[in-house]
Amino acid sequence: MKVGKDQDKHLTYCTNIHPGESWEEVLIQLKANLPELKSRLSPDKSFGVGLRLSEEAAGDLLEGDRLESFKEWLEEENLYVFTMNGFPYGSFHGERVKDNVYKPDWTDRKRLEYTINLAEILAELLPEDIDGGISTSPLSYKPWLEEVEYEEVFRISSRHLAEVAFKLAQIEQQQGKELHIDIEPEPDCLIENTQETVDFFQHWLFKAGAAQLAVDHSFSQEEAVNLLKRHIRVCYDTCHFAVEYEDPKEAIEQFRDAGIKIGKVQISAALKVAFDDNYDRVSSKLKQFEEDTYLHQVIERNSEDSLKHYPDLGEALFADINTEVNEWRIHFHVPIFVDQFDMLSSTQDDIVHSLELFRDDECSHFEIETYTWDVLPPELKENIRDSIEREYRWTLEQF
């Protein structure tokens, strides 16, 4: 749906909330939820869709006349797809996901081929007058790698991303659809914060990736870099950047100064806890968020502002806690309309600050992405459509 003072922004929620790995399962969920949500939130205007397809579902959708049939259904319901989530390649519900969400990484051509399939789907579904984005994983996961392996992963990933960028440039030339891949930094991944992201773009993508384009397609260095800047961007997830204790204004300015576009803002809140003399009570409250489906990385900040990483909440809870610890921020997406619950809180303020900064920015894609409804503690759970509606209502107030 269009939002903002000039109605030049597009807001949606990510359908990774709904279970389903095959196209048939996905379509059932879309038909069960999208028309109802539209009737509540945008009865008289078109309603945006943030589509999540697994590799299996994307392959299914490209077979036969399924894509054309889906396009017709979207038009009948006055729905439009402008962004896709290409981060989780495989199963995302009902089983242990954890670090499998980063597989395959960007050194594997399976990730490249899956992303191109998504681009072909989006090019067919995207309305004529807007650009389209596909968020993707932040290259790889640090615990899988020795530090000496980072450079090889950067090099191969740059070449694969350059190949995808060239495909997107072809789509734009042939179909008039401007598409971009939006890399999503995440805690403990190969690019997890602003500085690491800028370093990758400047020292690898704009060099190794551009060099690959020059060899394969006879671009000049300048032409190659401009193509990459147009088609490879950043997905700014407000939860992830908050977990890293990043200041939104400084992060956004750093991307702008580096000539890196932000293609999508994912609106999500992290779990936050301030420690005092009640550590035992606080940790007992946190135990209800320990679960076996998703990774919940923890970054601890002490009184000297130094940071310590824990790969998952369970490991943090069993660690010996430094008496100087001030705060934990936890990669657990909690409802964005709640900022305080019991002794815990969220990074909702970071969302508010970020959206203020993006109000006059060229980025026009905004996607609500609380995907943890199935694993939230009971007191935070509601009917899924009611929960999504509440998240929209809160977000619309910010715009």
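A cavity is, on a 1 Å grid over the protein atoms alone, a set of points where a 1.4 Å probe fits but cannot get out, and its lining residues have an atom within 4 Å of a point. The legends below describe a predicted model, in which local features need pLDDT of at least 70, side-chain atom pairs count only at pLDDT 80 or more, and totals for chains, interfaces and linings use all residues. Residues are numbered from 1 along each chain as its sequence is written, and side-chain values use heavy atoms, with hydrogens and water left out.

**View 1. The largest cavity and its lining.** The lining consists of 18 residues, and Phe 92, Val 101, Glu 186, His 331 and Tyr 371 are those nearest the centre. The volume of the largest cavity is about 180 Å³, where a volume is the space filled by probe spheres set on the points, and grid points are joined across faces, edges and corners. By type, the lining has nine nonpolar, five polar and four charged residues. Here Ala, Val, Leu, Ile, Met, Phe, Trp, Tyr, Cys and Pro count as nonpolar, Asp, Glu, Lys and Arg as charged, and the others, Gly among them, as polar. The structure has three cavities of 30 Å³ or more.

**View 2. The second largest cavity.** This cavity has a volume of about 50 Å³. Its lining is made up of Thr 15, His 18, Pro 19, Gly 20, Val 26, Gln 29, Leu 30 and Arg 52. Helix α1 (residues 23-41) gives the largest share, three residues. Helices (H or I, at least four residues) and strands (E, at least two) are DSSP runs, numbered from the N terminus. Three lining residues are nonpolar, four are polar and one is charged.

**View 3. The largest pocket.** A pocket is an open set of points with protein on both sides within 12 Å along at least five of seven lines. The space in the largest pocket is about 240 Å³. Of its 15 lining residues, Leu 79, Tyr 80, Val 81, Leu 125 and Pro 127 lie nearest the centre. The elements α3 (66-77) and β4 (79-85) each give two or more residues to this lining. The lining has eight nonpolar, three polar and four charged residues.

**View 4. Asp 188, a buried residue in a loop.** The loop runs between β6 (179-183) and α6 (194-217). Why does Asp 188 count as buried? Asp 188 counts as buried because its relative accessibility is 9%; buried means under 20% relative accessible area, exposed over 50%, and partly exposed in between (1.4 Å probe, protein chains only). Phi of Asp 188 is positive, near 75 degrees. Most residues other than glycine have a negative phi. Asp 188 has no salt bridge, and Lys 142, the nearest side chain of opposite charge, is 6.5 Å away. A salt bridge is a side-chain nitrogen of Lys or Arg within 4 Å of a carboxyl oxygen of Asp or Glu. For charge, Lys and Arg count as positive and Asp and Glu as negative, while His and the chain ends are not counted.

**View 5. Ser 218, an exposed residue with a positive phi.** Ser 218 is in the loop between α6 and α7 (221-231). Its phi is near 60 degrees, and its relative accessible area is 65%.

**View 6. The cis peptide bond between Lys 103 and Pro 104.** Omega of this bond is about -15 degrees. Pro 104 is in the loop between β4 and α4 (109-125).
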